[in-house]
Structure formats: structure tokens, C-alpha cells
Amino acid sequence: MTSTADDMKLDARDLALVRLLETDSRLPTSTLAKRLGVSRTTVQTRIDRLVTAEVIAGFTIRLGKPLESRIVRGHVLVTAAPKAARHIEASLRTMPQVEALHSVSGPFDMIVQVAAASIGELDQVLDDIGLIDGVERTTSSIILSTRIRR
């Protein structure tokens, strides 16, 4: 039986390894091993175990400033009709510009994080979200700058 993140016990080295990978997922196992004071085999075994247990869900990249600065991002606050959340979520999953969908408390039901190549494309995405059956109202904000990203 394989363990999952819910029942897996993480020790200090596991947490240190995860933090190093969060900072730079491309670090070679030899560098990770040196920083953690263990062998490369131990690092690889721990990474494999963390992936299998779904503690680590994937490895990714962050865009560099030249490309990142050309992307237009925004948040769309959505008020949904009763029992429409599943349909709205399914519709949003088909839109490649949707980066994240959050279910929230408060006056809105969802926050959609979107990214587009231009203001025109973002405008179209906002219109498309507003046209989804079950979306009663949207309020959108364009992200002008990101002051902190971790």
C-alpha cells in the first residue's frame, strides 16, 4: 500500500528538500545532497517517495521577466446561480486562459485567475466568462504589477 500526503509523516529533511525544490526544481540531486548532507541516492529516494505520496504534485517553471511582463493577468470575481458551480467550473476548465479557480466565502462564490497575451484577448475572456450559463455577475480586476511572489 502506498502512502498519501494525508498519512505520510515528513521529517525535517523532507521539509528541507521540499523547500529547496520549491525555490528551484531544477537543482541537481548532487547539489541537493550536498545542501542536505545526505547521499544522491537518498535524495532521489526521498523525491520518489514524496512524488508517490503526492506531497510533490509536479515540477514547474517560472517565466522570466521579459515574457512575464507581456502577459496580461486578472482576477474575475464570480457570483454563481444556485447549483451552477459545477457547470461553471467545467466550462472554465475548457478555457486555456484560466490559470486557477478558487471557491471563496463572502459576496462572491469564485475567483478566477486568468492570463492572456493581450488586453483584447483578456477582454474576450472576460466576456466569455460572463456568458457561461449560471454566471449571474462578474467583477474583474486587471493585475498591474506583482509586488510579492513566492
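Two strands pair if DSSP finds at least two bridges between them. By that rule, β2 and β3 pair in the antiparallel sense over 5 bridges. Helices (H or I, at least four residues) and strands (E, at least two) are DSSP runs, numbered from the N terminus.

This is a predicted model, in which local features need pLDDT of at least 70, side-chain atom pairs count only at pLDDT 80 or more, and totals for chains, interfaces and linings use all residues. Residues are numbered from 1 along each chain as its sequence is written, and side-chain values use heavy atoms, with hydrogens and water left out.

**The sheet**

The open sheet has 4 strands in the order β2-β3-β1-β4, with antiparallel pairing. Its edge strands are β2 (98–103) and β4 (135–143), and each pairs on one side only. From one strand to the next, the twist averages 20°. Such angles run from 0 to 180 degrees between N-to-C directions, and axes are lines fitted to C-alpha atoms, for helices over the stretch in contact.

Strand β1 (residues 72–80) runs antiparallel to strand β3 (residues 110–116), and 7 bridges join them. Arg73 stands opposite Ala115 in β3. Helix α6 (residues 119–130) packs on the sheet and touches β1, β3 and β4. The direction of α6 makes about 160° with that of β4. Contact here means heavy atoms within 4.5 Å.

Back to β2 and β3. Ala100 has Gln113 in β3 as its bridge partner. The hairpin of these two strands has 6 residues between them, and Gly106 in this hairpin takes a positive phi near 110°.

Two packed helices are described by the angle between their axes and the distance between the axes.

| Helix pair | Angle between axes | Axis distance |
|---|---|---|
| α1 and α2 | about 135° | 11 Å |
| α2 and α3 | roughly 100° | within 8 Å |
| α1 and α3 | roughly 85° | within 11 Å |

Angles under 35 degrees count as roughly parallel, over 145 as roughly antiparallel, 65 to 115 as roughly perpendicular and the rest as oblique. So α1 and α2 are oblique to each other. Their crossing is right-handed, a term for a near helix turned clockwise from the far one by less than a right angle (anticlockwise is left-handed). Arg13, Ala16, Leu17, Leu20 and Leu21 in α1 meet Leu32, Arg35 and Leu36 in α2. By class, this contact has 6 nonpolar, no polar and 2 charged residues. Ala, Val, Leu, Ile, Met, Phe, Trp, Tyr, Cys and Pro count as nonpolar, Asp, Glu, Lys and Arg as charged, and the others, Gly among them, as polar.

Helices α2 and α3 are therefore roughly perpendicular to each other. On the α2 side, Thr29, Ser30, Leu32, Ala33 and Leu36 meet Arg40, Val43, Gln44 and Ile47 in α3. The classes are 5 nonpolar, 3 polar and 1 charged.

Helices α1 and α3 are therefore also roughly perpendicular to each other. Arg13, Asp14, Leu17, Val18 and Leu21 of α1 make the contact with Val43, Arg46, Ile47, Arg49 and Leu50 of α3. That contact has 6 nonpolar, no polar and 4 charged residues.

**Salt bridges**

Side chains of opposite charge can pair when their charged atoms come close. The structure holds 5 salt bridges, each a side-chain nitrogen of Lys or Arg within 4 Å of a carboxyl oxygen of Asp or Glu. One of them joins Arg46 and Asp14, with the closest N and O atoms 2.7 Å apart. This pair links distant parts of the chain: Arg46 lies in helix α3 (residues 40–52) and Asp14 in helix α1, 32 residues apart.
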